[in-house]
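Work through these exercises with the model open. Each task is followed by a stepwise solution.

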Amino acid sequence: MKILYPDKYYKSIFDVDLKVLKSEGIKGIIIDVDNTIVPWSDKKISDEVFNWFQIIMSKDFKLCLISNGMMRRVEYFSNQLDIPAISNAVKPRKKAFKQGLKILDISNNEVALIGDQIFTDILGGNRMGFQTILVDPLNKEEFFTTKLMRLLEKLVIKRGMYHG
Ligand SMILES: [Mg+2]
């Protein structure tokens, strides 16, 4: 079950402690798009999020967006932030994460993965050996889904369906 657990949890991306990441040897951050940096219903990145990315870049972290969303939407954000992005990622499959790793050009234990979903972001990141960071989704409807996923996770543990 460890494969479904994030290494860290924060309420939002703004709470992620960059100093701690640095001290842990993290050199790059792969970050989910929908409901992690922008509500899935929104078309624009907020000023707060834009500024947060500027801070991260000023601290010399490499960055890559990764999304199961469509190319047009993801590339728009990629251009706006001037960060490379992978769309149609089919998380938690490894392929897109490997692409992201190649773009960052660092080793897997130097990557932190930030996302809002356990069964796509966290599962995929853990499978890659990244440090995984779960944040609450920005959209309430999705938040309900995540809550449901967490409930499901507990049920799975109780029933002992998985054995590591
Ligand atoms: Mg998401």
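A salt bridge is a side-chain nitrogen of Lys or Arg within 4 Å of a carboxyl oxygen of Asp or Glu. The model is predicted: local features need pLDDT of at least 70, side-chain atom pairs count only at pLDDT 80 or more, and totals for chains, interfaces and linings use all residues. Residues are numbered from 1 along each chain as its sequence is written, and side-chain values use heavy atoms, with hydrogens and water left out.

**Exercise 1.** Are aspartate 136 and lysine 11 buried or exposed?

Step 1. Their side chains form a salt bridge, 3.0 Å from N to O.

Step 2. Aspartate 136 is in the loop between strand S6 (131-135) and helix H6 (140-159). Lysine 11 is in the loop between strand S1 (8-10) and helix H1 (18-23). The partners are 125 residues apart.

Step 3. Aspartate 136 is buried, at 10% relative accessibility. Lysine 11 is exposed, with 56%.

**Exercise 2.** Which parts of the chain does the pair of lysine 27 and glutamate 110 tie together?

Step 1. The closest N and O atoms of this salt bridge are 3.1 Å apart.

Step 2. Lysine 27 lies in the loop between H1 and strand S2 (28-32). Glutamate 110 lies in the loop between helix H4 (94-104) and strand S5 (111-115). The parts are 83 residues apart in sequence.

Step 3. Lysine 27 is partly exposed at 43%. Glutamate 110 is buried at 16%.

**Exercise 3.** How many salt bridges does the rule give?

Step 1. The count is six.

Step 2. Asp32, Lys91 and Asp121 are linked in a salt-bridge network.

**Exercise 4.** What does serine 67 touch?

Step 1. Serine 67 lies in the loop between strand S3 (62-66) and H3. Its relative accessible area is 2%, hence buried.

Step 2. List contacts (heavy atoms within 4.5 Å). Not counting residues up to four places away in sequence, serine 67 touches Val33, Asp34, Val74, Ile86, Ser87, Asn88, Ala89 and Lys91.

Key. Helices (H or I, at least four residues) and strands (E, at least two) are DSSP runs, numbered from the N terminus. Buried means under 20% relative accessible area, exposed over 50%, partly exposed in between (1.4 Å probe, protein chains only).
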